[in-house]
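Subject: Structure handover

Hello,

Here is the structure I promised you. Please open it first, then read my notes below.

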Amino acid sequence: MMTFVPWTRPRAAAAAAAADDSAALLRRLARGDAQALDALYRREAGPVYRYALALCANPAWAADATQDAFIALATRPGAFDAARGPLGAYLAGIARNGLRSRWREAQGEEPLPDGDDEGERAGADSSGAADSPETRLVRAQTSAAVWQALRQLPAAQREALVLVDLQERPYAEAAQVAGIELNTLRTRLHRARARLAALLAGPGEAQ
Amino acid sequence: MKDDANKPLAQALREAAKELSALEAPPAVWSGVRAAFERAHPPRPAWRRPLAWSGAATCAAVLFGSALLMQRPQPVETAWPQARSSGFVPLLPVQAWGDGPAWLVAAEMPSERLAALGLPYDPAHAGERVQAELLMHASGEVLAVRLVR
């Protein structure tokens, strides 16, 4: 006998299940349950650290930002509001604030912008065709080249690219982490991809 | 990134994503988090733990029950003849019961033991426990047993 199973988007269903699970774990954490903290850390620490690392390219800073986020969660679990987004976005947001503080302290380092930076370096976006950009792009697809190109992106564009393309976060969540509107995220992402493609294609393409 | 022109970029980003996904936070991060958590939630003193109270309550109940049991010695010297004709199954020959006081002790046993004692036993109730009374000599020997329920 066939059973009717309503169709749900797997990603949405998984997100809902994770939210339920997070709520239960957070309740236990608020009661001082160390195992709940352990479970939350195992699930969320990797994405938060990777986000921070891809953003700042500094393992020590990324580790500190991740630790700050989880210490905030461990000591004040009630500060997280599930109505405002998933736990992962909340933790990434704390890590982001930690990185911004570090950037401010270390003057000369590139800070993450408070607002939109779409006007910034807009001229650097390249859409022009070169002799054989694809061929050169393929040659440039070494890991080092990609990461080097990522580091050359403006911080806001790099953040959009890291959140959506490298971490595969949903657009809404990525926008929440970055603290921007969805349309702004889309624009930054579009520009980041174009600029990254230009950087990977060769020195002449990015400028 | 759906058009063909962006395929190489998409490929490059996939590779970078794969590389990134293999990275984990250093163990020192967890150590720091755990230390902060323990500072925020110091372990409770033993006397404040709920388990300690429940353990103490259990001990008190056992002691109280034991005291009650010890306070209900049966004057068995006069009860023995009754016991011999009141459903008790002797476990020792009556001649060997000897003199001295004995007590009635409530007990619980697996129903399978009934058959071994020559008492009515229903295999349908195998695995269940039954209430019984033991006639126990002061020396600790169980003289007889009676099925209560």
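How many helices and strands does chain B have? Chain B has five helices and four strands. Helices (H or I, at least four residues) and strands (E, at least two) are DSSP runs, numbered from the N terminus.

Some ground rules. This is a predicted model: local features need pLDDT of at least 70, side-chain atom pairs count only at pLDDT 80 or more, and totals for chains, interfaces and linings use all residues. Residues are numbered from 1 along each chain as its sequence is written, while chains are lettered from A and ligands numbered from 1 in the order in which they are written.

**The two chains**

From the N terminus on, chain B runs α-α-α-α-β-β-α-β-β. Chain A has 10 helices and zero strands. Of the 207 residues of chain A, 42% count as buried. For chain B, the share is 13% of 149 residues. A residue is buried if 20 or more other C-beta atoms lie within 10 Å of its own, exposed if 12 or fewer, and partly exposed in between; the C-beta atoms are placed from the backbone.

**Where the chains meet**

In total, 26 residues of chain B are in contact with 31 residues of chain A. Contact means that the C-beta atoms of two residues, placed from the backbone, lie within 7 Å. On the chain B side, the elements that give two or more residues are helix 1 (7-21) and helix 2 (27-40) of chain B. Helix 1 of chain B gives the most, with 11 residues. By class, this side of chain B has 18 nonpolar, five polar and three charged residues. Ala, Val, Leu, Ile, Met, Phe, Trp, Tyr, Cys and Pro count as nonpolar, Asp, Glu, Lys and Arg as charged, and the others, Gly among them, as polar.

**A helix pair in chain A**

Now look at helix 7 (residues 155-166) and helix 9 of chain A. They pack at an angle of about 95°, with their axes 8 Å apart. Axes are lines fitted to C-alpha atoms, for helices over the stretch in contact, and angles run from 0 to 180 degrees between N-to-C directions. The two helices are therefore roughly perpendicular. Angles of 65 to 115 degrees get that name; under 35 is roughly parallel, over 145 roughly antiparallel, and the rest oblique. This contact has eight nonpolar, one polar and five charged residues.

Helix 9 (residues 182-201) of chain A has 20 residues and should span 28 Å at 1.5 Å a residue; its end C-alpha atoms are 28 Å apart, which agrees. The expected span is 1.5 Å times one less than the number of residues. A:Gly202 follows helix 9 of chain A and has a positive phi, near 150°.

**The core**

The largest nonpolar core has 68 residues. Such a core is a set of buried Ala, Val, Leu, Ile, Met, Phe, Trp, Tyr and Cys residues joined through C-beta atoms within 7 Å. Among the members that touch the most others are A:Ala160 and A:Leu196. Helix 2 (residues 34-56) of chain A gives the largest share, 13 residues. A second, separate core of eight residues includes B:Phe88 and B:Leu135.

**Two residues to check**

A:Ala57 has a positive phi of about 55°, although it is not a glycine. A:Ala57 counts as partly exposed, with 14 C-beta neighbours inside 10 Å. A:Glu168 also has a positive phi, near 55°. A:Glu168 has 12 such neighbours inside 10 Å, so it counts as exposed.

Best wishes
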